[in-house]
Amino acid sequence: MHKYKLLIAVATVLLLPGCLKSTFREEEPRLDVDRSEVTVRARSGTGSVKDTLYVSGNRSWSVVFAEEAGWLSLGTEGFENPSGVLKTAPLVVICEENHADDPRSAVLVILGSGEQKTVTVRQKGIQRVDEADSQGIDDYIFEDYGTD
């Protein structure tokens with residue numbers, strides 16, 4: 001008698017999950033970016049200036065440049081998300097220092113499941129101080145005494 005009860009209990013435990021409908025995949029594709037514009041300073045003293053965007057999506061996505069921008073690179077070219085569940089991933093934007101007076105900009109296009117989002121990356125130019133307006137340090141003369 002105990003064999004039959006045990007057999008029925010095991011069969012119930014094995015078949016019960018098949019009766020429950022569980023869907024974890026979101027049916028409607030979704031793609032969001034936390035900002036539509038990134039503005040970074042001209043220089044950092046380290047050779048590059050970085051900022052991070054956060055891209056959320058329930059499908060895989062990739063990033064392309066709308067036009068050539070040799071001064072701009074990315075920490076990753078996309079994100080694989082086969083699960084279909086909404087996940088947020090960082091997208092690091094890396095700009096070479098801008099040694100020019102003029103600002104520059106480029107457009108990133110983030111593509112995923114038939115949707116696209118654009119992000120404009122702007123980098124400021126060097127802000128030069130006009131000598132007539134500057135106050136502060138007097139002229140100093142430095143002499144080289146050598147290393148001997």
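Student: Which side chains meet in a salt bridge at 3.2 Å, N to O?

Tutor: Those of Asp32 and Arg30 meet in that salt bridge, a term used here for a side-chain nitrogen of Lys or Arg within 4 Å of a carboxyl oxygen of Asp or Glu. Before going on, note that this is a predicted model, in which local features need pLDDT of at least 70 and side-chain atom pairs count only at pLDDT 80 or more, while totals for chains, interfaces and linings use all residues. Residues are numbered from 1 along each chain as its sequence is written, and side-chain values use heavy atoms, with hydrogens and water left out.

Student: Are Asp32 and Arg30 buried, partly exposed or exposed?

Tutor: Asp32 counts as partly exposed because its relative accessibility is 31%, and Arg30 counts as partly exposed at 41%. Buried means under 20% relative accessible area and exposed means over 50%, with partly exposed in between, using a 1.4 Å probe and protein chains only.

Student: How many salt bridges turn up in the whole structure?

Tutor: A search of the whole structure finds five. In general terms, side chains of opposite charge can pair when their charged atoms come close.

Student: What does Asp51 pair with?

Tutor: Asp51 forms a salt bridge with Arg35, at 3.3 Å from N to O. This pair links distant parts of the chain, as Asp51 sits in strand E3 (residues 48–57) and Arg35 in the loop between strand E1 (31–33) and strand E2 (37–40), 16 residues apart. Strands (E, at least two residues) and helices (H or I, at least four) are DSSP runs numbered from the N terminus.

Student: And where does Asp34 come in?

Tutor: Asp34, Arg35 and Asp51 are linked in a network of salt bridges, with the side chains of Arg35 and Asp34 meeting at 3.9 Å, N to O. Asp34 is partly exposed at 40% relative accessibility, Arg35 is partly exposed at 27%, and Asp51 is partly exposed at 23%.

Student: Changing topic, what is the overall pattern along the sequence?

Tutor: The pattern reads α-β-β-β-β-β-β-β-β-β, from one helix and nine strands. Of the 148 residues of the protein, 24% count as buried.

Student: Which residues have the most contacts inside the largest nonpolar core?

Tutor: They are Trp61, Leu72, Leu91, Val93, Leu108 and Ile110, in a core of 21 residues. Such a core is a set of buried Ala, Val, Leu, Ile, Met, Phe, Trp, Tyr and Cys residues joined through side-chain atoms within 4.5 Å. Among the strands that each supply at least two residues of this core are E2, E3, strand E4 (61–65) and strand E7 (87–96), and E7 gives the most, with four residues.

Student: What does Leu91 touch, leaving aside neighbours within four places in sequence?

Tutor: Leu91 is then in contact (heavy atoms within 4.5 Å) with residues including Asp51, Leu53, Trp61, Val63 and Ile110.

Student: Last one: is Asn98 buried or exposed?

Tutor: Asn98 counts as buried because its relative accessibility is 3%, and its place is in the loop between E7 and E8. A polar atom of the Asn98 side chain lies 3.0 Å from the backbone oxygen of Asp102. Leaving aside neighbours within four places in sequence, Asn98 is in contact with residues including Ala42, Arg43, Pro103 and Gln123.

Notes: Polar contact = N/O pair within 3.5 Å; in protein donor to acceptor, adjacent residues only side chain to side chain.
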